Amino acid sequence: MFLVNRENHDIKNMDNIQILWVDDEIDLLKPHIMFLEEKGYSVDKIDNGGEAIEMVEEKRYDLVFLDENMPGMDGLETLKRIKEIRNSIPIVMITKSEEESIMEDAIGSQISDYLIKPVNPKQILLTIKKNLDTRRLVNEKTTSNYQQEFRKISMDLSMANSHEDWEELYRKLIYWELELDTIEDEGLQEILLSQKKEANSQFFKFIEKNYEDWLHHGDEAPIMSHTLFKKWVYPTLKSGDEKVCWLVIDNLRYDQWQIIKPIIEQYYQTDEVKSYYSILPTATQYARNALFAGLMPLEIKKRFPDKWVHDTDEEGKNNFEQDFMQDQLKRLGLGDMKFSYNKITNHNAGKKLVDNMANIINNRFNVVVYNFVDMLSHAKTDMKVIKELADNDKAYRSLTLSWFKNSPLLEMIKALKEGGVKIMLTTDHGTINVENPTKLAGDKSVNTNLRYKTGRGMNYVQKDVYEVINPEDIFLPKENINSVFAFAKEDLFFAYPNNFHHYVKYYTNTYQHGGVSLEEVIIPFAELSPRK
């Protein structure tokens, strides 16, 4: 049963609202401040930007009044610094000037409102109510709507029995996760997190029951890695002369797509957003090779015996994607189509690609693989600072957004727009924040991935894995005759019994892929047309 403690979740009443007023002539504003205090507001007074920043670091304010023209650190610089500390705080700029450029700078820095001096008490009271009451109403409406939707999601969860049901359910969960991010209600976020955990538990059972049948009875299967190009990209290439860029952002989850979508939509209109299912393992070597080859891994190995690399081999696992793409185009009757293939693995390579866009956009078809999000997930494991910055999914999304806003990828998208190029944006698999270990033992033939294992002589907890005794049943090659596959469920990760506690400490709360979860398997595909 879903209950919300109203005592804990109601927005602050007026007596608890904390306001910071920053003005170098703060003593002259005493009548205004007394007026607010008589109305029940608590007001702290500071006469310079430096101390204001310290106050914001020490105390959680509901609203800041900020003078634009102060000696030393002026209002615009103080605004910038405050937003770096706490981006969500409403700031009302107060200025003597009506110059348009000053207001443009302030508005561009995300002020909530501005007032022209001299201000009167009624103006001040109105702007407080406008900002704080709007937030309160939005919070209450969001809370109320999620309470109603919670029951429906719970019902849908118990009845989901098709891949379409799970796609729709996952989209709903992501929608509410992003909505609840905006109101910063930890209680509701915990409730949603529990609902997502239950959804992943049920989704694992659904995949375990249906995955093999999908691969043998294609009519019943969702669009998957090896069928996506033929079903969703090829028809556009075949039907006309429209220039197309197939943009594959490695390791991009559905929630991350939703976060970067508003920026992309400044340059592109979204014609359609769909989702498809990554094959297992949800790992680059398997899923992305299948994406470009239009074949399952076992079929790739048979067709290209010299180009398939096993898990335990040291050489690169995705060195032949361009060859696989060329072969698939040829099989589909587009072998003569001129196309480019570019894989971006670092910032400088991205900048070089942007510089070369004038030549690239002349091609009818371009493929770009962008590896940043994959690097970000690995950096969270290997770098302490990234692990602290991306402590949870909300922070992980925020880090993705910050990167995207300043990335060569965004510059590339702008250039494609100017060239009139249609973008088909997708990924090869998602990733999940792993929280719980499950023990696995095996010999040296076992691979190192934390979310799936393949090899011989493995011992693991049966209930924690989707076990495939004969990999060829799901069109996976095996390195030796006794190899099996084990895919971790939900948010589990494999840890060896030897040095178990070290593994648990090092890998808990890191982003991994290769197993079975909604985040890894159900991933976005978007068709984008350049805005006129």
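Asn499 is exposed, because its relative accessible area is 52% (exposed means over 50% relative accessible area, buried under 20%, partly exposed in between, with a 1.4 Å probe and protein chains only). Asn499 sits in the loop between strand E17 (492–495) and helix H20 (500–507). The names of these elements come from DSSP runs, numbered from the N terminus: helices (H or I) have at least four residues and strands (E) at least two. Before we go on, please keep in mind that this is a predicted model, where local features need pLDDT of at least 70, side-chain atom pairs count only at pLDDT 80 or more, and totals for chains, interfaces and linings use all residues. Residues are numbered from 1 along each chain as its sequence is written, and side-chain values use heavy atoms, with hydrogens and water left out.

Let us stay with the backbone for a moment. Most residues other than glycine have a negative phi, and most peptide bonds are trans. Asn499 has a positive phi of about 60 degrees, although it is not a glycine. Asn509, also not a glycine, has a positive phi of about 65 degrees. You will find Asn509 in the loop between H20 and strand E18 (510–512). Is Asn509 buried or exposed? With a relative accessible area of 13%, Asn509 is buried.

Next come two cis peptide bonds. One joins Lys117 and Pro118, with omega at about -5 degrees, and Pro118 lies in the loop between strand E5 (113–116) and helix H6 (121–159). Another runs from Leu280 to Pro281, with omega near -5 degrees. Pro281 belongs to the loop between E7 and helix H11 (284–293).

Now turn to a pair of helices. Helix H3 (residues 49–58) and helix H4 (residues 75–85) have axes that come within 10 Å and cross at roughly 15 degrees. The axes here are lines fitted to C-alpha atoms, for helices over the stretch in contact, and the angles run from 0 to 180 degrees between N-to-C directions. H3 and H4 are therefore roughly parallel to each other (under 35 degrees counts as roughly parallel, over 145 as roughly antiparallel, 65 to 115 as roughly perpendicular and the rest as oblique). Which residues make the contact between H3 and H4? From H3 come Gly49, Ala52, Ile53, Val56 and Glu57, and from H4 come Thr78, Arg81, Ile82 and Ile85, where contact means heavy atoms within 4.5 Å. These residues divide into five nonpolar, two polar and two charged (Ala, Val, Leu, Ile, Met, Phe, Trp, Tyr, Cys and Pro count as nonpolar, Asp, Glu, Lys and Arg as charged, and the others, Gly among them, as polar).

How many aromatic pairs does the structure hold? There are 31 aromatic pairs. Rings of Phe, Tyr and Trp (its six-membered ring) pair if their centres lie within 6.5 Å; planes under 30 degrees apart count as stacked, over 60 as edge-to-face and the rest as tilted. The rings of Phe203 and Tyr277 have centres 6.3 Å apart and planes at 40 degrees, so this pair is tilted. Because Phe203 lies in helix H8 (residues 186–216) and Tyr277 in strand E7 (residues 268–277), the pair ties together parts that are 74 residues apart in sequence. Phe203 and Tyr277 are both buried.

Phe229 and Phe365 form a tilted aromatic pair, at 6.0 Å centre to centre and 50 degrees between the planes. Phe229 is in helix H9 (residues 228–239) and Phe365 in strand E9 (residues 365–370), so the pair ties together parts that are 136 residues apart in sequence. Phe229 counts as buried at 0% relative accessibility, and Phe365 is buried with a relative accessible area of 0%. Ring pairs also link Tyr211, Tyr286, Trp308, Tyr452, Tyr466, Phe485 and Phe487 into a cluster.

We finish with two threonines. Thr431, in the loop between strand E10 (422–426) and strand E11 (432–434), is buried with a relative accessible area of 0%. Leaving aside residues up to four places away in sequence, Thr431 touches Asn251, Arg253, Tyr396, Tyr511, Gln512, His513, Glu519 and Glu520. Thr438 has its place in strand E12 (residues 436–441) and is buried, with a relative accessible area of 4%. Not counting residues up to four places away in sequence, Thr438 touches Val461, Asp464, Leu492, Phe493, Phe494 and Ala495.
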